[in-house]
Amino acid sequence: MLTNITMGQYYPVDSPVHRLDPRTKLILTIAFIVGIFLVSNFSGYALVLGFLYFVARTAKIPFKMLMRGIRPLRMILIITFLLNLFFTPGEQVLVSFWVIRITAEAVRQAVFYSLRLVFLVLGTSLLTLTTSPVALSDALEILMGPLKKIHFPAHELAMMMTIALRFIPTLLDETDKIMKAQMARGADFESGNLISRAKAMVPLLVPLFVSAFRRAGDLAMAMESRCYRGGEGRTRFRVLKITRNDWIAAGITAAFLALIILSGKVLP
Amino acid sequence: MDDRQIRISAEDVSYTYDGADSPALTRVRAEIREGEFVAVLGHNGSGKSTLAKLMNALYLPTEGRMLVCSFDTAEEASVWEVRRRAGMIFQNPDNQIVATVVKEDVAFGLENLGVPTDEMIPRVESALAAVRMSAYADAAPHMLSGGQKQRVGVAGILAMEPAILIADEATAMLDPSGRKEVLETVKNLNRHKGITVVWITHFMEEAAQADRIIVISDGRAAMEGTPREVFPQIEKMREMHLDVPRMTGLAAELREAGMPVDQSVLTVEEMVEEVKRLCPLKSGT
């Protein structure tokens, strides 16, 4: 059964970081990303690493969980590294054969940009590991609230996200059921080359789509009958509250940013 | 006559779906009073679900008037008044749960009504308690059984404190034990909270438990009365492709065979009593 899937990569433990207001975490993550782009030397990265280690420890996130976020990016990482390695011009040639020339500057730059990517992913992973998707969509709705004035559908987007999250397990269950039904009638989803496997997905996707649309129609009707009429005049069951911890977290992040800027000026 | 307030009044309501040749409902006239438990019975495609959706202003009558708590559903201004007074449970338990946590789904209607958060929390708690789902307040909906999901749906309606609960084949997709648990929950609310219930169904055994039955056939209100008045008319029911409760059928067969069994028997228990009455045991056997 597919009922035990976890939502996204949320790692549900109780920690001071988990308890932070999702809005705080979202804003501080953006600040962290800006911070990474301000780093201009490796001593700055030492600071970033120290900061990440501190946050991960406080959030009780195991090192392995954190690293899992990098895996899907390994191809991009390798490509970034190689492109920088081969195509950065420089003076100090380390290796040179045929058309390939690797310089000391290129090695430095390749390592530098790869690390930047790794830290970006680790930082944002910390946000998604410690914040449930629902809390995240709440935060997005509130933070994007002011954009409603220019007709940006903040509430609608958040509602769509919640509904999508609600229906992922339901649709997964259904996929499982349809797959078994088609397999019982001789469908083969596993063998053959890429094209024949893609073709085998058609009898799975068509019923799934049809049922998803039927569900959407049903749900719209159920929502209307429960007086749903958009975000206007709606109150919230879940209230977000800024606490003292949020200010402390903001303070720590601000100190981190200041140190980064300072390190760029002072340290080599 | 009956001096209870009229909750729902269908005044010669007709409804034709867009692009359909013949109407789904034709001049249906019905009255449902405060505190009643009314079953609307009909086979597939009879128009009973259409009638339910008309009662919730999801559809508007093509002809005639539908009044819910004296609000005309056709008036745009009264649509939300109708919907907050007449809550509706649908057939598919999965497709009516919006939130990812049970208690948040129960709060969904309240959020829509603009109820302040402080007031919401006790209302959600008491609604969950009323359907005996308090233990699952923090559960994810997809982990619940069909019957439990429907009870969460009922709680979501209940939190809005409606006068009427409309169940549109709420048990059709459930297993027998889930069916029983949902019907018991709703019957309880009807009895103890005085909520008027409109129970749309094609299960005879469920209709037999109602105060009153309205039989819909081919878009018309074909019969009306208490279960004991409706079900003994076996011939008429069969003409409308409807069965009768098993015991009522058995009673009719026994009568044909020459046993003077009461025609209005509905349940196994009543049948046992009838048989005991007709063939008393001699002492010692």
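Guide: Let us begin with a pair of helices. The axes of α5(B) and helix α6 (residues 176-193) of chain B come within 8 Å and cross at roughly 20°. The model is predicted: local features need pLDDT of at least 70, side-chain atom pairs count only at pLDDT 80 or more, and totals for chains, interfaces and linings use all residues. Residues are numbered from 1 along each chain as its sequence is written, while chains are lettered from A and ligands numbered from 1 in the order in which they are written.

Visitor: Why is α5(B) called roughly parallel to α6(B)?

Guide: The crossing is at roughly 20°. Angles under 35 degrees count as roughly parallel, over 145 as roughly antiparallel, 65 to 115 as roughly perpendicular and the rest as oblique. Therefore α5(B) is roughly parallel to α6(B). The axes themselves are lines fitted to C-alpha atoms, for helices over the stretch in contact, and angles run from 0 to 180 degrees between N-to-C directions.

Visitor: What is the hand of the crossing of α5(B) and α6(B)?

Guide: The crossing of α5(B) and α6(B) is right-handed. A crossing is left-handed if the near helix is turned anticlockwise from the far one by less than a right angle, and right-handed if clockwise.

Visitor: Which residues of α5(B) and α6(B) meet?

Guide: Two residues are in contact if their C-beta atoms, placed from the backbone, lie within 7 Å. Among the residues that meet are Val154(B) and Leu158(B) in α5(B), and Val182(B) and Leu189(B) in α6(B). By class, this contact has five nonpolar, six polar and two charged residues. Here Ala, Val, Leu, Ile, Met, Phe, Trp, Tyr, Cys and Pro count as nonpolar, Asp, Glu, Lys and Arg as charged, and the others, Gly among them, as polar.

Visitor: What makes α3(B) oblique to α5(B)?

Guide: The axes of helix α3 (residues 102-113) of chain B and α5(B) come within 7 Å and cross at roughly 40°. That value makes α3(B) oblique to α5(B). The crossing of α3(B) and α5(B) is right-handed. Val106(B) and Phe108(B) of α3(B) and Ala155(B) and Ile157(B) of α5(B) are among the residues that make the contact, which has six nonpolar, two polar and one charged residues by class.

Visitor: Why are α2(A) and α6(A) called roughly antiparallel?

Guide: Helix α2 (residues 22-38) and helix α6 (residues 104-130) of chain A pack at an angle of about 175°, with their axes 10 Å apart. Therefore α2(A) and α6(A) are roughly antiparallel to each other. Residues that meet include Phe32(A) and Ile36(A) in α2(A), and Phe119(A) and Leu127(A) in α6(A). Seven nonpolar, four polar and two charged residues form this contact of α2(A) with α6(A).

Visitor: How do you know which strands are at the edges of the sheet of six strands in chain B?

Guide: Two strands pair if DSSP finds at least two bridges between them. The six strands form an open sheet in the order β6-β7-β8-β3-β9-β10 (chain B), with mixed pairing. The edge strands are β6 (86-89) and β10 (220-225) of chain B, each of which pairs on one side only. Helices and strands are DSSP runs, numbered from the N terminus: helices are H or I with at least four residues, strands E with at least two.

Visitor: What makes β9(B) and β10(B) a pair?

Guide: Five bridges join strand β9 (residues 212-217) of chain B to β10(B), and the two run antiparallel. Ser217(B) stands opposite Arg220(B) in β10(B). Helix α5 (residues 146-158) of chain B packs on the sheet, touching β6 and β7 of chain B, and its direction makes about 165° with that of β6(B).

Visitor: What is the order of strands in the sheet of four strands in chain B?

Guide: This open sheet has the order β2-β1-β4-β5 (chain B), with antiparallel pairing. Its edge strands are β2 (25-33) and β5 (71-72) of chain B. Strand β1 (residues 6-15) and strand β4 (residues 63-68) of chain B are joined by five bridges, and Ser9(B) stands opposite Leu67(B) in β4(B).

Visitor: How many residues of chain A are in contact with chain B?

Guide: 27 residues of chain A are in contact with 31 residues of chain B. On the side of chain A that touches chain B, α10(A) gives the most, with eight residues.
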